[in-house]
Amino acid sequence: ASASDLAGRFHADGTEFSEKLPDRTPISIPSHCPSCNAELQVEGAFLRCIDIMCDARTSRTILYWCRSLEMDGIGEKLVEQLIDNGLINSIPDLFRLQQSQLEQMDRMGEKSAVNVLNELSKVRTLSLGKFLHALGLPGIGPELATSVAQHCEDFPTLLQWVDDAFATVEDENFGPLCDDAGKPFSQNRAIRSLCSVDGIGSKVALQVRDGLAKRRAILLDLNGLLNIKPEPKAASGGFFEGMTFCLTGTLKRPRKEVQQSIKAAGGKVVGSVSSNLSVLIAGEKAGSKLSKAESLGITIWTEEQFDVQINQSNSDSLPPADDVEQRIDKKRKQPSLFDFNET
């Protein structure tokens with residue numbers, strides 16, 4: 001601030017500002033992380049430590065993993081307590097925890113310790129897409145993580161892709177140097193192959209490569225502790241192909257699980273209700289989305305109705321996709337189940 005900034009300004013008691021402003025001193029921008037001394041990187045308006053093993057980042061990384069996999073019993077306070085007690089220092093350490101170690105912590109009895117281990121046990125088997133998302137790669141959300149996982153299919157192929165994605169023009173695995181028109185390729189074959197996936201450009205592909213490369217030791221450690229299942233390929237000509245779904249209310253299954261079921265059957269999940277929506281899946285305590293869908297004549301399914309449809313899509317004899325559309329059209333002419341009040 002300068003003297004002109006204070007002109008005409010008054011204290012709360014009505015007296016005019018008359019104090020002398022302090023001398024200006026330049027503010028030096030930190031260049032190294034105060035926690036691990038790693039070099040800081042400028043990202044927009046932020047300074048970011050790029051050392052993924054930095055102590056200051058550890059708790060947030062572990063917490064992101066737990067929240068992404070919906071481990072409700074492992075929250076921020078517990079993660080910090082585990083770190084402070086020296087029981088964990090990385091994501092893989094979570095899966096090495098023993099009941100006896102947990103019971104020695106403050107306010108952690110036998111029942112609480114068992115609950116924590118049960119939460120961890122639930123996610124020991126997971127798909128490659130969920131695994132990638134939970135790692136917290138910069139700029140990679142659940143949708144992109146699933147796309148990358150579907151492209152690579154399984155964990156060994158993912159690691160091989162990372163290696164190939166660093167290939168230079170001197171390397172054999174760089175692939176062709178030029179396209180059919182003779183124009184030189186700016187990226188190697190691995191990067192170009194990932195860029196062929198809808199929604200992924202070279203910037204995202206490089207983020208995936210660099211993020212996984214920095215976490216390679218953690219990836220290998222987790223692979224020895226978890227059962228990382230191959231990612232199912234996106235459905236082509238599936239039961240729900242060409243249909244869009246929206247979810248609202250409280251569902252019995254995790255939303256991400258329902259969304260994955262829809263996508264696996266060829267459907268698309270959107271976040272809002274419009275006239276282009278095919279089906280609204282409504283759980284308990286559904287709100288404004290349900291009201292809007294009813295006013296637009298959108299087909300509304302309960303979670304149980306959706307389960308019936310998705311189970312039918314997984315059967316050996318699938319009806320044509322247009323049959324599904326016909327069922328939707330018929331349903332739109334009928335009252336929604338939510339139109340009837342309990343008697």
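What share of the contacts in the chain with a separation of 6 or more comes from residues 24 or more positions apart? It is 58%. Keep in mind that this is a predicted model.

Some overall numbers. The chain has 343 residues, and 36% of them count as buried. There are 16 helices and 8 strands. The accessible surface comes to about 20,300 Å². Carbon and sulfur atoms hold 49% of that surface.

Now the aromatics. The structure holds 8 aromatic pairs. Take Phe239 and Phe240. Their ring centres are 5.3 Å apart, with the planes at 55 degrees, so this pair is tilted.

On to the second pair, Phe245 and Trp301. Here the ring centres are 6.0 Å apart and the planes again make 55 degrees, so this pair is tilted too. Where do the two partners sit in the chain? Phe245 is in strand β5, residues 244–248. Trp301 is in strand β8, residues 299–302. That puts them 56 residues apart, so to speak a link between distant parts of the chain. Both Phe245 and Trp301 are buried.

Ring pairs join Phe239, Phe240, Phe245, Trp301 and Phe306 into a cluster.

Next, charges over rings. Which residue lies over the face of Phe185? That is Arg192, at 3.7 Å from the ring centre. There is another case at Phe166. Arg209 lies over the face of that ring, at 4.3 Å from its centre.

Last stop, the surface. Which residues form a nonpolar patch there? Ile29, Val42 and Leu47 do. Together they have about 310 Å² of accessible area. Look at Val42 in particular. Val42 belongs to strand β1, residues 40–43. Its relative accessibility is 60%, so Val42 counts as exposed. The cut-off for exposed is over 50%.

To recap. Phe239, Phe240, Phe245, Trp301 and Phe306 form the ring cluster. Arg192 sits over Phe185, and Arg209 over Phe166. Ile29, Val42 and Leu47 make the nonpolar patch on the surface. That's it from me.

How values were computed. Residues are numbered from 1 along each chain as its sequence is written. This is a predicted model: local features need pLDDT of at least 70, side-chain atom pairs count only at pLDDT 80 or more; totals for chains, interfaces and linings use all residues. Side-chain values use heavy atoms; hydrogens and water are left out. Rings of Phe, Tyr and Trp (its six-membered ring) pair if their centres lie within 6.5 Å; planes under 30 degrees apart count as stacked, over 60 as edge-to-face and the rest as tilted. Helices (H or I, at least four residues) and strands (E, at least two) are DSSP runs, numbered from the N terminus. Buried means under 20% relative accessible area, exposed over 50%, partly exposed in between (1.4 Å probe, protein chains only). A charge sits over a ring if NZ of Lys or CZ of Arg is within 6 Å of the ring centre and within 35 degrees of the ring normal. Patches are made of residues with over 30% relative accessible area and no salt bridge: like charges are joined within 9 Å, nonpolar side chains (Val, Leu, Ile, Met, Phe, Trp, Tyr) within 5 Å. Accessible areas come from the Shrake-Rupley method with a 1.4 Å probe; for residues, only the protein chains shown count as cover. A salt bridge is a side-chain nitrogen of Lys or Arg within 4 Å of a carboxyl oxygen of Asp or Glu. Contact means heavy atoms within 4.5 Å.
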